[in-house]
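Subject: A structure for you to look at

Hi there,

Here is the structure I promised to pass on. Please open it and keep it in view while you read my notes.

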Amino acid sequence: MTKQPKTRKIKASERLDDVASNGDLALSASTPPPPPPETSTDGEILKTTATLPDWLDKYIYDELGAKFAPDHERYENNLDLNKEEVLIYLGTYFPRSYAEAFCISNSLLENETIKNAMSSKGELNLLSVGCGAGGELIGMLTAIAKHLSNVETINIWAFDGNDKALKIARLLIDKYTDLPINRSKICASIIHREFDSFKESDLNEFKIGKIKFDLIVSSKMIVELIAQGSVKAYYDFVKTFLPLLSPNGICALIDVTIKHEKLNKFNPEIMNNQISKALRELNEFQTILPSLCRENKDNCNICRFVSYKFSVSHSRKNNDQSKIAYRVIARKKLAQESALTLQTEVLTANDCPSIIERDIL
Ligand SMILES: C[S@@+](CC[C@H](N)C(=O)[O-])C[C@H]1O[C@@H](n2cnc3c(N)ncnc32)[C@H](O)[C@@H]1O
């Protein structure tokens, strides 16, 4: 029998006190750790640590010349990175995106309902918006290879405005395609595109308006678009791309937790408000994770205070920690049938007051 996860209540006073010195939101160090998982076999624990696979570690550091050199300020906006900077991004931040996407996809695919829905298809269509060097793509492909053995073809459409990063993404996907762990034929369209906002005409321009996607992901790009002035970018993203989800498709939005100084708001709050508003308007979709948003049917007002910690280890750094806010969304039927509840979630439904309408910023 599946055990119910324990949740630890977070007090109101813990919330905004948790602004770390780098401007990130996190649960404070003084917060007692959540109770240890009761079991690791029921598929209901969000995996939060990963090691960069050997092939990927060797390829990026030894063959492509990636460098580990953290510099949070420089890498808050990555559209204009030059070749050297892309190699620093690759050695420093790409492994984090790999780990976050791998852990989230792995947890999703451990859920029987989601796994069965995905594995009934011989062909998967995957869209990544703002893929950069492709950390989240390789993370997702690795989780697919682990859980879905019968996918014959994976079609990828990946967009980004930095062509140097896209060259790396192409090399990595080609390298991944030739690995023994990959049993699928991979067809990747890697497309250079600088977005000023998201709109329906983008879909026609790239001839993706008629495609049904099984996975849609955007990792750490929308925060940059907001900083560039497209202040409704999460709202526009959901309204533009969610209708393209296949009946059992899943969309994952992953982002950093920085503060937008000009807007005087933390990114998770903007993300939460805009995604929830767009989902309420579309009325066909529901959040799967964080599970509280699902339970509260996207009337949630609290995820904006919380970040989730992940950790990646590789040859240049052991236990490199990152903090993100994320949402995984699907059509209501899949969201309800999968009923995912993950153990790392520290809040309870009572902490999550309903909101009727909020300003999306
Ligand atoms: C932090 S990186 C994330 C890359 C990758 N998704 C990951 O998680 O590692 C942000 C990416 O968004 C892209 N980006 C930022 N603004 C953009 C825009 N207006 N149009 C297209 N791409 C943009 C950058 O070129 C960069 O590759």
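Below is what was found in it, taken topic by topic.

A word on the model first. It is a predicted model, where local features need pLDDT of at least 70 and side-chain atom pairs count only at pLDDT 80 or more, while totals for chains, interfaces and linings use all residues. Residues are numbered from 1 along each chain as its sequence is written.

The ligand

The ligand is surrounded by 22 residues, and the closest are Ser97, Gly132, Gly161, Asn162 and Ser219. (A residue is near a molecule if its C-beta atom, placed from the backbone, lies within 6 Å of it.) This shell has nine polar, eight nonpolar and five charged residues. Here Ala, Val, Leu, Ile, Met, Phe, Trp, Tyr, Cys and Pro count as nonpolar, Asp, Glu, Lys and Arg as charged, and the others, Gly among them, as polar. Helices H4 (94-109), H6 (135-147) and H9 (222-227) each supply at least two residues of the shell. Helices are DSSP runs (H or I, at least four residues), numbered from the N terminus.

Leu109

Leu109 has its place in helix H4. Is Leu109 buried or exposed? Leu109 counts as buried because it has 20 C-beta neighbours inside 10 Å. (The cut-offs are 20 or more other C-beta atoms within 10 Å for buried, 12 or fewer for exposed, and partly exposed in between, with C-beta atoms placed from the backbone.) Leaving out residues up to four places away in sequence, Leu109 touches Ile114, Lys115, Met118, Ala143, His147 and Leu148. Contact requires that the two C-beta atoms, placed from the backbone, lie within 7 Å. Leu109 and Ala143 are 34 residues apart in sequence, yet 7.7 Å apart in space, C-alpha to C-alpha.

H6 and H7

The axes of H6 and helix H7 (residues 163-177) come within 10 Å and cross at roughly 15 degrees. Axes are lines fitted to C-alpha atoms, for helices over the stretch in contact, and angles run from 0 to 180 degrees between N-to-C directions. That makes H6 roughly parallel to H7. (Angles under 35 degrees count as roughly parallel, over 145 as roughly antiparallel, 65 to 115 as roughly perpendicular and the rest as oblique.) From H6, the contact uses Leu137, Ile138 and Leu141, and from H7 it uses Ala169, Leu172, Ile173 and Tyr176. By class, this contact has seven nonpolar, no polar and no charged residues.

Happy exploring!
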